[in-house]
Amino acid sequence: MDVNKKIEELKIVPVVVLQDKKDARPLAEALTEGGLPVAEVTFRTEAAEASIRAIAESFPDMLVGAGTVTSTEQAERAMEAGARFLVTAGFNRSVTEYAVQHEIPIFPGVCTPSELMLLLEYNLTVAKFFPAEQYGGLKTIKALSGPFPNMRFMPTGGINAGNIREYLANPKVIACGGSWMVKDTLIKEGNFSEIRRLTEEAVNLVNG
């Protein structure tokens, strides 16, 4: 699978925080039924690795990745669990080198020209722009695109139903990361029907 191409086709990457692995399967089912078979499961909790494994085993056609990866140890655990891509909040040289050496798709987090220069050292052409809204949003993406014409972005942070179409209209944006359809409260409540509804709404919004 060409991960970059698939993510660009889907347009949205749900950024998921799972506190309990039991929620992984119903969440994946809700996203898939809602028309968005992709998830970035963040390594912010102890349940991340087991959740990735549960999704990969139960939904083999779903594109599941690991987010907030801060070490090669986490990256290795994520890949062994079945992750297909890695995302970091900022640039981490050891994680980036691990991914490049093992031909694993990675989206390092950046928000400055200096960080983009580091990505070029590894011939990476897609960066996670984070936190997007706090660092100037589309204005900053447009400014960065001048000196880095071959770089594309996956903005994450402050993206919602009200601004995602504006972001996606920019050709430098491959897709957007977002969490409004997978809110922590909905997951904790087990309200997966609402997650499915919000996912369907989001898919219709970006494809409308």
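This report describes the overall form of a predicted protein model and then some of its individual residues.

## Overall form

The protein chain holds 10 helices and 9 strands. Its C-alpha atoms fill a box of roughly 45 × 40 × 30 Å along the principal axes.

Among contacts with a separation of 6 or more, 59% join residues 24 or more positions apart.

## Surface and charge

Of the 208 residues in the protein chain, 53% are buried. The chain exposes about 9,300 Å², and carbon and sulfur atoms supply 47% of this area.

The protein chain carries 21 positive and 26 negative charges.

## The nonpolar core

The largest nonpolar core has 76 residues. Leu 27, Ile 52 and Leu 86 are the residues that touch the most other members. Helix H10, which covers residues 192–207, gives the most to this core, with 6 residues.

Leu 86 can be followed in more detail. Leaving out residues up to four places away in sequence, Leu 86 touches Ala 66, Val 69, Ala 75, Ala 78, Met 79, Tyr 98, Ala 99, Ile 104, Pro 105, Ile 106 and Phe 107.

Ala 28 lies in helix H2, which spans residues 24–33. The relative accessible area of Ala 28 is 1%, and it is therefore buried, since the limit for that label is under 20%. Apart from residues up to four places away in sequence, Ala 28 touches Ile 55, Phe 59 and Met 62. Thr 156 is 128 residues from Ala 28 along the chain, and the C-alpha atoms of the two are separated by 20 Å.

Thr 42 is found in strand S2, residues 38–42. With a relative accessible area of 0%, Thr 42 is buried. Its contacts, again not counting residues up to four places away in sequence, are Val 15, Val 16, Val 17, Ala 48, Gly 67 and Thr 68. Ala 83 is in a loop, between helix H4 (72–81) and strand S4 (86–87). Ala 83 is buried as well, with a relative accessible area of 6%. Beyond its neighbours within four places in sequence, Ala 83 is in contact with Ile 52, Val 64, Gly 65, Ala 66 and Ala 78. The C-alpha atoms of Ala 83 and Val 15 are separated by 14 Å, and the two residues are 68 apart along the chain.

## Backbone features in loops

The peptide bond from Phe 130 to Pro 131 is cis, with omega near -10°. Pro 131 is placed in the loop between strand S7 (126–129) and helix H7 (137–145).

Glu 103 has a phi of about 55°, and Asn 123 has one of about 60°. Glu 103 is in the loop between helix H5 (93–101) and strand S5 (106–107), while Asn 123 lies in the loop between helix H6 (113–121) and S7. Exposed means over 50% relative accessible area, so Glu 103 counts as exposed at 75%. Asn 123 also counts as exposed, at 67% relative accessibility.

## The end of the chain

Gly 208 is in the segment after H10. At 73% relative accessibility, Gly 208 counts as exposed. Ser 51 is 157 residues from Gly 208 along the chain, and their C-alpha atoms are separated by 32 Å.

Definitions and conventions:
Residues numbered from 1 in each chain as written. Predicted model: local features only at pLDDT ≥ 70, side-chain atom pairs only at ≥ 80, totals over all residues. Heavy atoms only, no water. Helix = DSSP H or I, 4+ residues; strand = E, 2+ residues; numbered from the N terminus. Buried < 20%, exposed > 50% of the residue type's maximum accessible area, 1.4 Å probe, protein only. Contact = heavy atoms within 4.5 Å. Areas by Shrake-Rupley, 256 points an atom, 1.4 Å probe, with all protein chains shown as cover. Lys, Arg positive; Asp, Glu negative; His and termini not counted. Charge placed at Lys NZ, Arg CZ, Asp CG, Glu CD. Core = buried A, V, L, I, M, F, W, Y, C linked by side-chain atoms within 4.5 Å.
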